[in-house]
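We will go from stop to stop, selecting a few residues each time.

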Amino acid sequence: MTKTTESWGSRVGLVLAMAGNAVGLGNFLRFPVQAIQNGGGSFIIPYLVCFLLMGLPLLFIEWSMGRFGGKFGHHSTPFILDAMTKQRFWKYIGVFGIFTNLAVAAYYCYLESWTLAYIWHSITGTFANMDQTQVSDFFNTYTDITVSTTGIPYEAVIFWLLCLAINTYILSRGLSGGIEKVAKIGMPLLILFGIILAIRAVTLKAGHDGAINDGTAGLNYLWTPDIKSIWKPSVWLAAAGQIFFTLSVGMGTIQCYASYLNSKDDIALNAMSAGWMNEFVEVVLGGSIVISITVGYFGVDGMVNLVNQAGGLGLGFRTLPYLFQQWGPVLALLSGVFWFGLLFFAGITSSLAMGTPFMGFLQDEFGWKRQRAAWGFGLFVLILGLPTVFFFKQGAFDEYDYWAGTVSLVIFALFETILFAWIFGMDKGWAEITRGADIKVPNIFRFIIKFVTPLLLLAVFIGSLPGIWDKITEDVHWQVQFARLLLLAVWIGTAVLVYIAYRKRQKEGRFTS
Amino acid sequence: MNTSALIMVILAYGSVTVITVYFFVKVLNTPHKAGDEDDKIPPVKSYDAT
């Protein structure tokens, strides 16, 4: 049996990789839209409260679960959860921590490949001389894989394969030799690009470069508090949902990264630092760029219409490339590269994290070497991602996002919190959180983790039930049904692999805890 | 910008930036603890299938 001997090269590398795991495209495209739709400036209050009551506790839980499991040589959630209790069914709950990553990576790598393609098109000047409708339609053309925008046949597929190959190669280089190096380069560049674009966005002047409003008009609209909205449960649910998805909790990636820590290493300060870095990117950078530029050119009503038509993704890919062209050829090129570059770094630091739990599982349980496990992951994601590419317009992409990128996260986070706080127990749990801590963790978190966080998660889960029912009962294309069945097959297949690994452990006399 | 939006921006951006910088600087300045690699190797015991 191959023993995993991976470790992090440096603490800064670990924190940047963890922050990179959390920072994704949603920080720039989802957060501002959620804020606008839920009370503007007053959204930040429930948002930060949910960060303290649900986000940070979940970070503490997942970091400490990972480091605990790592002591026993586990680097994926099925056997990390198994190590925490004698009730053997928990390893099947841990299946979510592998399944979610495989399924999300399958569509996320396609999304990531769009950013690569748009960097290419920004450099080659594809969007120059296009009007707004043409830039918007370009996105439709690009995702229609039978049409080429560059003359390269199946262009979207080529960029997708390139993106997958980059991810797989970096994963095959390991934690310190691959993921950590990318995080150390990608995160500072992401923040630098974000700061440059944010300054440009908020300093837009009405009457210059075709803008009809100052950039601060967007900030004004986004941050003017609607105090009444604070009392609406739906706003709190939206804030909890945003915190949940932005931190990449409930996926199994944090546990996997933390499992490579030494048992005496700090987790409290590391979790705080990575979590707040994500908040900086989301609130300060994400809150400044998209809305300020769009309101600067289209006004508040125009921006709201665009958001209602195509959401944050539409603003990012259909609108901004057109608006950058108003700044002249040089700034248009630089802005396009900075914008899609920061989205690419946000994407790749997350997709790399998604590869590690499956790789860790194959290495721990079936003795696969790192390179083999990395290419195995790449191949699996390639096959699983095919429906999202070829049936994109029929809704397969959105289907993956809903079941794997939304529902699975909530279910897994709810169960892992119950396991940690109520079955593993808060005495042992608190000892894990505070062991080796470089900061004093306030005792109030003990109460929050035991009572408040599970209740909040339960509220998010119950709040999502009507949506789940609607999804199940709606009429959909056969391609979407196929995507659903494929996801179900992946979950069942992963559970079977976990069972085989469990029997293998029994046969070899290896323990799980 | 109106006053209430300006206050929200300053408070939100200011507090999030200060806290982020504070924790990241603390990470950079905290010396690494000597690890105990023996912790990674659990004691041998037979598998408990209960």
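**Stop 1: around A:Thr349**

Select A:Thr349. Setting aside neighbours within four places in sequence, A:Thr349 is in contact with A:Gly20, A:Asn21, A:Val23, A:Val182, A:Ala183 and A:Tyr257. Keep in mind that this is a predicted model. A:Thr349 belongs to helix H16 of chain A, residues 329–366. Is A:Thr349 buried or exposed? It is buried, with a relative accessible area of 4%. The C-alpha atoms of A:Thr349 and A:Glu180 lie 9.3 Å apart, while in sequence the two are 169 residues apart.

**Stop 2: two packed helices**

Select residues 44–71 and 268–286 of chain A. These are helices H4 and H14. Two packed helices are described by the angle between their axes and by the distance between the axes. For H4 and H14 of chain A, the angle is about 145 degrees and the axes are 10 Å apart. The crossing of H4(A) and H14(A) is right-handed. Show the side chains at the contact. H4(A) brings A:Ile44, A:Tyr47, A:Phe51, A:Leu56, A:Leu59, A:Phe60 and A:Trp63. The H14(A) side includes A:Met272, A:Gly275, A:Trp276, A:Glu279 and A:Val283. By type, the residues of this contact are 12 nonpolar, 2 polar and 2 charged.

**Stop 3: salt bridges**

Side chains of opposite charge can pair when their charged atoms come close. How many salt bridges does the structure hold over all chains? There are 17.

Start with A:Asp438 and A:Arg11. Their side chains form a salt bridge, 2.9 Å from N to O. This pair links distant parts of the chain, 427 residues apart. A:Asp438 sits in the loop between helices H18 (396–434) and H19 (444–473) of chain A, and A:Arg11 is in helix H1 (residues 11–22) of chain A. A:Arg11 is buried, at 17% relative accessible area. A:Asp438 is partly exposed, at 21%.

Next, select A:Glu432 and A:Lys71. Their closest N and O atoms are 3.8 Å apart in a salt bridge. A:Glu432 is in helix H18 and A:Lys71 in helix H4 of chain A, so the pair ties together parts that are 361 residues apart in sequence. A:Glu432 is buried, with a relative accessible area of 5%.

Then go to A:Lys471 and A:Glu474. This salt bridge is 3.8 Å, N to O. A:Lys471 counts as buried at 16% relative accessibility, whereas A:Glu474 is partly exposed at 37%. Finally, select A:Arg67, A:Lys71, A:Glu432 and A:Arg435. Salt bridges with shared partners join these residues into one network.

**Stop 4: two loop residues with positive phi**

Select A:Asn129. It is in the loop between helices H7 (96–124) and H8 (132–143) of chain A. Its phi is positive, about 70 degrees, although A:Asn129 is not a glycine. A:Asn129 is exposed, with a relative accessible area of 80%.

Move to A:Ser248. This residue is in the loop between helices H12 (233–246) and H13 (253–258) of chain A. A:Ser248 is not a glycine either, yet has a positive phi of about 55 degrees. A:Ser248 is buried, with a relative accessible area of 9%.

**Last stop: chain B**

Select chain B. What is its secondary structure? Chain B has 1 helix and 0 strands. Of its 50 residues, 26% count as buried. The accessible surface of chain B is about 3400 Å², with 69% belonging to carbon and sulfur atoms.

Technical notes:
Residues numbered from 1 in each chain as written. Chains lettered and ligands numbered in written order. Heavy atoms only, no water. Helix = DSSP H or I, 4+ residues; strand = E, 2+ residues; numbered from the N terminus. Buried < 20%, exposed > 50% of the residue type's maximum accessible area, 1.4 Å probe, protein only. Areas by Shrake-Rupley, 256 points an atom, 1.4 Å probe, with all protein chains shown as cover. Axes fitted to C-alpha atoms, helices over the stretch in contact; angles between N-to-C directions. Left-handed = near helix turned anticlockwise from the far one by under 90°. Contact = heavy atoms within 4.5 Å. Nonpolar A, V, L, I, M, F, W, Y, C, P; charged D, E, K, R; others polar. Salt bridge = Lys/Arg side-chain N within 4 Å of Asp/Glu carboxyl O.
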